[in-house]
Amino acid sequence: MRLGSAIILGAFALLGHARSESVEGDATAKAETLRAGKKARNVLVGEDLQVRTEDEDYWGRFLQTSMSITAMPTPPPTPPPTPPPTLKPCDIKVTMNCTLVNDGQEADCKATFENEYEGDCDVNVKYCYSVDSVDGVEQTISELTVTHEGEVTMIVPPADAFMVPPVYEWCETKLINVCEGETFKSCVEANATMEGFTEMCEDKDTYEFFTGTPEPTSSPTPP
């Protein structure tokens, strides 16, 4: 009986020891597995952090390079449109004068013959004319006439039209008798056109003087 009990107790002891070693072995294996998993996770986390850091560095350099290449300078502000020039209406100025040329000296006809004149009766007087643009506006002189004592001389046409400015000037000499007590009347007229305007502009100037004693003007008849 004692021997059998001892055998049974020994068997239980061996079985308990085996179970204890098995439990310890399982615990050790689990611990190793946990440590290996943690280590693997740490490795993965470290690698992930390294990859993220490298990605951030890469994209930072990429963005800097991209911005430095594609950045365009700020264009200057667009200036306001230039308003069209204001057209001036055509405007011309016509002048004329008369002078007596004697021994190289010129004297105004009106001032000479309307006072006491003691020279020759038949004299040559010089009429001079000018046509110009007012304010320098370029215009075309299309008609130009001179009238002396009712006799009209067309200068343009038949001559071709011309542009002013520059000023157009010319002179002519006429023989007149200043001892007959006559009044001499002259006139110069010009018409001009300008691009952009349909209406024609005109100007004229007159010159008048008498010789000797002027004819008396009739006074109005009293009522």
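Reply: To begin with the term itself, a disulfide is a pair of cysteine sulfur atoms within 2.5 Å. This is a predicted model, in which local features need pLDDT of at least 70, side-chain atom pairs count only at pLDDT 80 or more, and totals for chains, interfaces and linings use all residues. Residues are numbered from 1 along each chain as its sequence is written, and side-chain values use heavy atoms, with hydrogens and water left out.

Me: How many disulfides does a search of the whole structure find?
Reply: The search finds three disulfides.

Me: Which residue does Cys-98 join, and what is the hand of that disulfide?
Reply: Cys-98 is joined to Cys-109, with an S to S distance of 2.1 Å. The disulfide is left-handed because the torsion about the S-S bond of Cys-98 and Cys-109 is about -65°.

Me: Are Cys-98 and Cys-109 buried or exposed?
Reply: Both Cys-98 and Cys-109 are buried. Buried means under 20% relative accessible area, exposed means over 50%, and partly exposed is in between (1.4 Å probe, protein chains only).

Me: Next, which residue is joined to Cys-121?
Reply: A disulfide joins Cys-121 to Cys-179, with 2.0 Å from S to S. The torsion about the S-S bond of Cys-121 and Cys-179 is about -95°, so this disulfide is left-handed.

Me: What does that pair tie together?
Reply: Cys-121 lies in the loop between α2 and β3 (122-133), and Cys-179 in the loop between β7 (168-177) and β8 (183-193), so the pair ties together parts that are 58 residues apart in sequence. Cys-121 counts as partly exposed at 33% relative accessibility, and Cys-179 counts as partly exposed at 41%.

Me: What about Cys-128: which residue does it join?
Reply: Cys-128 is joined to Cys-171, at 2.0 Å from S to S. The link of Cys-128 and Cys-171 is right-handed, with 110° about the S-S bond. Cys-128 sits in strand β3 and Cys-171 in strand β7, 43 residues apart.

Me: Is Cys-128 buried or exposed?
Reply: Cys-128 is buried, because its relative accessible area is 15%.

Definitions and conventions. Helices (H or I, at least four residues) and strands (E, at least two) are DSSP runs, numbered from the N terminus.
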